[in-house]
Amino acid sequence: MACTVWSVQHVGVSLDALVLALASVIRLTSVASVYAMLSTARPTRLLTAYIVAGFVFSAAIGIVLVTVLGVSTAPHARDEVRAVIAITLGAISLSYAAGLLSGLVSGPVHDRADAYPGPDSKSWLGRQLADLSIPRAAIVGVLTHLPGLFYLAALSAIINSTPSSTSRILQVVLYNAIWFAMPLTALLLATRRSDELQHFLRWITEWIWHHQREIVVAVFSFLGVYLIVRGVMDLRP
């Protein structure tokens, strides 16, 4: 049986889920949404609606899945199965990063030096961000945090990390807290109502938007290497 080196799993916390959460912090739609809300006269109310609605929706789905799937799933999947999943996801991540670098893959990037962060104004999301209200901010919070491949992979890692339903639920909450780190930080800082601070926050979101290709390549490259190494370690006798 493989000798797992990830001691954090022995206390019921999945290191894989934590890494996947960190890799999901900077999402381009989230960056655009936060920037749009910071540019309004009442950013704290909009950010609060965005975070609460998105967090509750995403966490609820995660909790339901780890609870339902956990009932019929063995507490620990075979090391070989975990290794195959990790290596496959790692290869997908590295392939995507290589595709962006080579130009074979067109990522969701817009290298427009004079453009403000945000999707096309003709898109549905662009129209919502152009005329924000509290209900619209809540809807955007949900739609920009729909569970994707990383989230489902994290839920699988959480299920395999511990047989405790309570621990699994807490890990789902932790994952989502990390996932919402950027809008949460913006909300905490925006409550100080400092013009200089809000200007700095807008500058940060603009910088992220204009360097999104480099950021996406770096994140997917790191994640791909980590997952492949993780899988290889699980295959070690």
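Reader: Which helices each supply at least two residues of the lining of the largest pocket?

Author: The model is a predicted one, in which local features need pLDDT of at least 70 and side-chain atom pairs count only at pLDDT 80 or more, while totals for chains, interfaces and linings use all residues. Residues are numbered from 1 along each chain as its sequence is written, and side-chain values use heavy atoms, with hydrogens and water left out.

The helices that each give at least two residues to the lining of the largest pocket are α1 (15–23), α2 (28–38), α4 (79–102), α7 (149–161), α8 (165–179) and α11 (212–235). Helices here are DSSP runs of H or I with at least four residues, numbered from the N terminus. On a 1 Å grid over the protein atoms alone, a pocket is an open set of points with protein on both sides within 12 Å along at least five of seven lines, a cavity is a set where a 1.4 Å probe fits but cannot get out, and lining residues have an atom within 4 Å of a point. Volumes are the space filled by probe spheres set on the points, which are joined across faces, edges and corners.

The largest pocket holds about 560 Å³ of space. It is lined by 23 residues, and those closest to its centre are Ala23, Ile26, Arg27, Phe150 and Phe220. Its lining comprises 18 nonpolar, 4 polar and 1 charged residues, where Ala, Val, Leu, Ile, Met, Phe, Trp, Tyr, Cys and Pro count as nonpolar, Asp, Glu, Lys and Arg as charged, and the others, Gly among them, as polar.

Two of the helices named above, α1 and α7, pack against each other at an angle of about 160°, with their axes 8 Å apart; axes are lines fitted to C-alpha atoms, for helices over the stretch in contact, and angles run from 0 to 180 degrees between N-to-C directions. α1 and α7 are therefore roughly antiparallel, a term for angles over 145 degrees, just as those under 35 count as roughly parallel. Their contact (heavy atoms within 4.5 Å) brings together Asp16, Ala17, Leu20 and Ala23 of α1 with Phe150, Ala153, Ala154, Ala157 and Ile158 of α7. By class, these residues are 8 nonpolar, no polar and 1 charged.

The whole structure also contains 2 cavities of 30 Å³ or more. The largest cavity has about 190 Å³ of space, and of the 15 residues lining it, Asp16, Arg82, Ile85, Ala153 and Ala157 lie nearest its centre. Two or more lining residues come from each of α1, α4, α7 and α11, with α7 giving the largest share, 5 residues. The lining of this largest cavity is made up of 7 nonpolar, 4 polar and 4 charged residues.

Methods:
Angles under 35 degrees count as roughly parallel, over 145 as roughly antiparallel, 65 to 115 as roughly perpendicular and the rest as oblique.
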